[in-house]
Amino acid sequence: MRKLRLLPDHTNFAFMRGRIAGLAVSATLSIISAILFFHPGLHYGIDFKGGLIIEARLVQPADFPALRHLMGGLDVGDVTLQQFGTPNDVLIRLGLQGEGQSNGDAAAQRAANQVRDALVTAYPGTQIRRVDAVGATVSSELFRSGMMAMGFALLAMLVYIWFRFEWEFGVGAIVTILLDVTKTIGFYAITGIEFNLVSIAAILTIMGFSVNDKVVVYDRVRENLRKYKTMPLRELIDKSINETLNRTVNTSVTVFLSTLPLALLGGESVESFAIVLLFGVILATSSSIFIAAPILLFLGEHRLRSGTAPSLETRKPATR
């Protein structure tokens, strides 16, 4: 039986012809994303700006349009509803209430009582199973911890690639991942998707997928450096990308198609994560070809093909 292939086995695309345009477009998008981060900024969730989380169990399956109408009649600010667990379970998120420690605590208590009274009146038998308050101090610590997690992940990836390849490969991969992260932040700013701890998980997932894709391309470049000792680096990189193109596209399409149902049918609990991941898959795949490879070409055009740096074939590990 003939196998279905998205691309022919032997392609010969000259990707490096568009290296300047690819880097220019990427840099422009990243600069725009950085501007959007500061203005108008991200739509931070309760995790990062503080607020109330109320877990309620109704006596019937939750009617979200009716619940939104009910919560909209209360003077408690922005309200986010989310289904989890059984169809009767609802997670209600309220924004930060009041200003200052004492005023904020009192306002949060009033808001929680208002929500509780409204639910019990509209749906007799409703159980309020949990009420958690996230203060401004805790939310700022969560934000700082999330940023540190991304920083440590980038550092670990840099160390891994640096030891596995030459420094040119490591710099190319990390710069590309940083550009991917800034564009993802810009995607959050443009779409208005809530930025919370789940967003940190989504960005870390995209970073992992991105570095994996780049290692595959870089591995083939390293093999071809051994095999074709006189081939110009530009042609060698094009050849390496074409040789791994089927694997790259097939992997990306598989991840995309497996994530798509979560974005369409997963509900509010996973919808935002899946939408960002879909964007990240496309971003990481394109950046491996149009960003990471051109950076490697610019950094290694003289070193990887000159006598100033040892070849991958002759370089030996240090003896202990």
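Buried here means under 20% relative accessible area, exposed over 50% and partly exposed in between, using a 1.4 Å probe and protein chains only. These legends describe a predicted model, in which local features need pLDDT of at least 70 and side-chain atom pairs count only at pLDDT 80 or more, while totals for chains, interfaces and linings use all residues. Residues are numbered from 1 along each chain as its sequence is written, and side-chain values use heavy atoms, with hydrogens and water left out.

**View 1. Thr 248 in helix 8 (residues 233-265).** Helices are DSSP runs of H or I, at least four residues, numbered from the N terminus. Thr 248 counts as buried because its relative accessibility is 3%. Setting aside residues up to four places away in sequence, Thr 248 touches Asp 213 and Thr 285 (contact: heavy atoms within 4.5 Å).

**View 2. Lys 214 in helix 7.** With a relative accessible area of 1%, Lys 214 is buried. Its side chain makes a polar contact with the side chain of Ser 288 at 3.0 Å; such a contact is a pair of N or O atoms within 3.5 Å, where within protein one must be able to donate a hydrogen and the other to accept it, and residues adjacent in sequence count only if both atoms are side-chain atoms. Beyond neighbours within four places in sequence, the contacts of Lys 214 include Ala 173, Thr 176 and Asp 180.

**View 3. Ile 241 and its contacts.** Leaving aside neighbours within four places in sequence, Ile 241 is in contact with Phe 15, Met 16, Val 217, Ile 289 and Ala 293.

Notes: Helix = DSSP H or I, 4+ residues; strand = E, 2+ residues; numbered from the N terminus.
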